Amino acid sequence: MSVFKLSNPWEPAGDQPTAIKALMKGLKKKMHHQTLLGVTGSGKTFSIANIIAQYGKTTLVLAHNKTLAAQLAQEYREFFPENAVHYFVSYYDYYQPEAYIAHSDTYIEKEAMINAEIDRLRHAATQALLTRKDVIIVASVSAIYGLGSPAQYEKVHIKIEKNSSENRSALIRKLISIYFERTTADLNPGQLRAIGNALEFMPVNERVIYRISFSSGIDGSIVEHIDTLDPISRAKISEPKSIFVFPAKHFITNEEERERATAEIRLELDAQLAKFKREEKPLESERLKRRTLHDIALIRELGYTNGIENYSRHFDRRKSGEPPFTLLSYFPHNKDGSADFLTIIDESHVTIPQIGGMFAGDQSRKNTLIEYGFRLPSARDNRPLMFDEFEKSIGLAIYTSATPGKYEHAHAEQVVEQIIRPTGLIDPELTVRGVIESGNYPGQVSDFIHEAEIVIARGGRALATTLTKVMAEDLTEFLIKRGMKAAYLHSDIKTIDRIDILTKFRKGDFDILIGVNLLREGLDLPEVELIGILDADKEGFLRSETSLIQTIGRAARNILGRVILYADVMTNSLEKAIGETERRRVIQTAYNKKHNITPRTIKKEIHDIADSMRTEHQKTVDELLVIDSLAYQNDSVAFIKTKKEEMSEAVKKLDFETAALIRDEIFTLEGTGPKMKKKRARKPLSGK
């Protein structure tokens, strides 16, 4: 019996039953590569959910960006509310990797801004994999980057049981040994504090506080109570009899392993220094010696140093060139080491090439750092998986895409088509108009605005795709000046902000969304009635056959969906995309006629899928913004002055939490927060 329980009121329909049956047959035959060629709106995710439920094994779902991964995680949580569905993506809001530019002698230090809430979700994912079987992990390509040994991570967990003999001081030392930090202020994930005869700590994987109360027994201190508390109200949630506490960091080693690893690092340092001496590189030699000895000292004293991942080979007992431990290492494996889980690669035509391209760029940067004495050669082994290593690390794989790529066609043992939509929706109607002159309007932008205004007037939404980020920003600014509610979306927007924008777009806070490449694969926006593809005849990656078909598909969830392709020249990609769209329209129309189906727009609830990724601090700031936005608009200068006075008062009272909330509210209202620091960045809000 499957450990997964699919919760859904609908039965598979259209091509879904046939696709599910065929793919399940392939899994039973141990087919390692299968492709589900499903058109947009045909319910590929629902078909895969049925397969997960029937197959019954831990599942990895790989997506090519954080936004799509967040959307998929929300959908799978709705399909499997009783099972463990987790989200695993890069925890950096901002990341500048360590690098050295030789021609200008410029060293760029690693700089990162970690999102604490996404870090919590990562820990929740790995801990679920180590403790449960009914697990679905929706991940970005972060899944192929080094993560730390799962054996060490699991080995050093702490079990706390009610009525067990335990000394408070000893328990504090145990928690500190697995990288919990002691504090006397409010608790954050990975922190602990001692209060009277009790100990409180917040684990890194849950939004709760555990309070451990001690009492004296015949044989010493014992654990009298274990209480789970709400971190805000401090109300008691439960009284578990026992709990497991995992490390606050994924890179974890005990004292014995640290001594062994640091000894190996020292040996490697000596060998590299000898090499630099032979090559007559005194500067590189001195640079490497100082840095490495400093890192060794910190590792021995604290168990951790910034950039410790560059020494991961020594801690993991790996040989040079061996693949690193990654998220995939935490998934179930058979006794022979083979993967015992199901892998779903969503929008595979994008995800597969992305996975394949990670290794080369990383190695180029590392080689330069090693050559000039910034890192030891073992830093090369702190890397993403090579593609062949990735292939060996995953279980039986199903690739899903409306436009499978060369890899899928070459490797698939079977390709299953899912063309018929259960809703009866037909692929959108396509119109080709000139870039320079579009009908009665002087150019594509004027024509698109005219068409968008018609759609917006009846309550619909519109999308436009441009070729560059700057074009997206400039067009958004132009629309806002015209009084239209518009926003742009591209890769410079933070993960949570991207999801916020999409949610607001669906709710109607914005009527028009302008994007470059993020508006293509997988985004589910049933409110969209119109898409304008600007400069559709500029042959290239963004206007290839695959990209055009994917973009057209964003309008395939609404009965009124239509797409205007602005082109002065009919390119080969345009011809193929238009031809494939027409082929699918014919198939769906014939099916609808045969089965007497009336097409209907997809109705989908609007969830704030970013909510689970926000910290409690950010949620409070957001609430303050809602309350204070009117006062700010009435007199922004006076409002900010008052807020700054309130912040100063809070600091005088040593109420730093309140001061931080007011500070971040001011940053957001003034547009001076961290997300505004990049050149040309504009706040992606409407002109309200």
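**Helices and a sheet**

Author: The axes of helix α7 (residues 255–278) and helix α8 (residues 282–302) come within 10 Å and cross at roughly 175 degrees. Axes are lines fitted to C-alpha atoms, for helices over the stretch in contact, and angles run from 0 to 180 degrees between N-to-C directions. Helices (H or I, at least four residues) and strands (E, at least two) are DSSP runs, numbered from the N terminus. This is a predicted model, in which local features need pLDDT of at least 70, side-chain atom pairs count only at pLDDT 80 or more, and totals for chains, interfaces and linings use all residues. Residues are numbered from 1 along each chain as its sequence is written, and side-chain values use heavy atoms, with hydrogens and water left out.

Reader: Are α7 and α8 roughly parallel or antiparallel to each other?

Author: Their axes cross at roughly 175 degrees. Angles under 35 degrees count as roughly parallel, over 145 as roughly antiparallel, 65 to 115 as roughly perpendicular and the rest as oblique. The two helices, α7 and α8, are therefore roughly antiparallel.

Reader: Which strands stand at the edges of the open sheet?

Author: The open sheet has six strands in the order β20-β25-β24-β21-β23-β22, with parallel pairing. Two strands pair if DSSP finds at least two bridges between them. Each edge strand has a single partner, so one side of it is left without a neighbour in the sheet; these strands are β20 (429–433) and β22 (486–489).

Reader: What is the bridge partner of Leu530 in β25?

Author: Strands β24 (residues 528–533) and β25 (residues 562–566) pair in the parallel sense over four bridges. In β25, the partner of Leu530 is Arg562.
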